[in-house]
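Hi,

Here is the model I promised to hand over. Have a look at it first, and my notes on what turned up follow below.

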Amino acid sequence: MENVQGIHFSITDPKDVNTVIYEVVQTDKKELTDNTTPKFTVERLVRSSEIRGENFKRTYYVNNPKIEGNSLVFLSFGKERVVVNTGMLLNDEVKITKKPMPIKFDAIKTEESPVYKEFSYTPNLKRPITIIDVETAEEVKPVLYFDQETNEVKGKCKMKPYKSYFAFEIR
């Protein structure tokens, strides 16, 4: 059995809040071949949840902690709002940053028949943008396809009508 390298940390959410955390990953300079390759991608942290009275204790796992720290984005979904925070996992401690990270985000409300959002992937199939269903805090899973005109792998997310979504990317 090989050694598993990782760190975990926990937060407590009230019963009507659902927090998800993403790690911000800087693209390796060797992979930055042109202006279309994103400089940053995001990876959702795996979590487990347990009920603690009226609250939820959520434990998040980082498989490969970096010596220089891991940049994190905290998205807390509550009734009719999303709270965005950034932080760092450094050694065994999570610190919320005072200087905000440049995050572009949109609230998307679909009122027509299905809406599709397209975006490009990096060569290692990571993406710079994430779309989340605000009711469930689950990602909208993209369908991958190969765009022959641009010669790259792209993703297409289908958003259902009369639903709200939250989309963000790191720039």
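D13 and R58 are both buried (under 20% relative accessible area; over 50% is exposed, in between is partly exposed, with a 1.4 Å probe and protein chains only). Their side chains meet in a salt bridge, 2.7 Å from N to O; the term stands for a side-chain nitrogen of Lys or Arg within 4 Å of a carboxyl oxygen of Asp or Glu. The two are 45 residues apart and link distant parts of the chain, with D13 in strand β1 and R58 in strand β5. Strands here are DSSP runs of E, at least two residues long, numbered from the N terminus.

Before you dig in, two notes on the ground rules. This is a predicted model, with local features needing pLDDT of at least 70 and side-chain atom pairs counting only at pLDDT 80 or more, while totals for chains, interfaces and linings use all residues. Numbering starts from 1 along each chain as its sequence is written, and side-chain values use heavy atoms, leaving out hydrogens and water.

Now for the other salt bridges: the whole structure has seven. One of them joins K66 and E23 at 2.9 Å, N to O. K66 sits in the loop between β5 and β6 (70-78) and E23 in strand β2 (residues 18-26), so this pair ties together parts 43 residues apart in sequence. K66 is partly exposed, at 31% relative accessible area, whereas E23 is buried at 9%. D147 and K154 form another, with their closest N and O atoms 3.1 Å apart, and both residues are buried. There is also a network in which salt bridges with shared partners join D133, E135 and K163.

Back to the strands. β1, β5 and β4 make up, in that order, an open sheet with antiparallel pairing (two strands pair if DSSP finds at least two bridges between them). β1 (7-14) and β4 (46-52) are the edges and have a single partner strand each, so one side of each lacks a neighbour in the sheet. β4 and β5 (residues 55-62) are joined by seven bridges, including R52 to N55 and S49 to R58. These two strands form a hairpin with two residues between them, and G53 in the turn has a positive phi of about 65°.

How far to trust it? Mean pLDDT (the predictor's confidence in each residue, from 0 to 100) is 82 for the protein, and 82% of its residues reach 70 or more. Where pLDDT is low, the predicted coordinates should not be read in detail.

Cheers

Key
Helix = DSSP H or I, 4+ residues; strand = E, 2+ residues; numbered from the N terminus.
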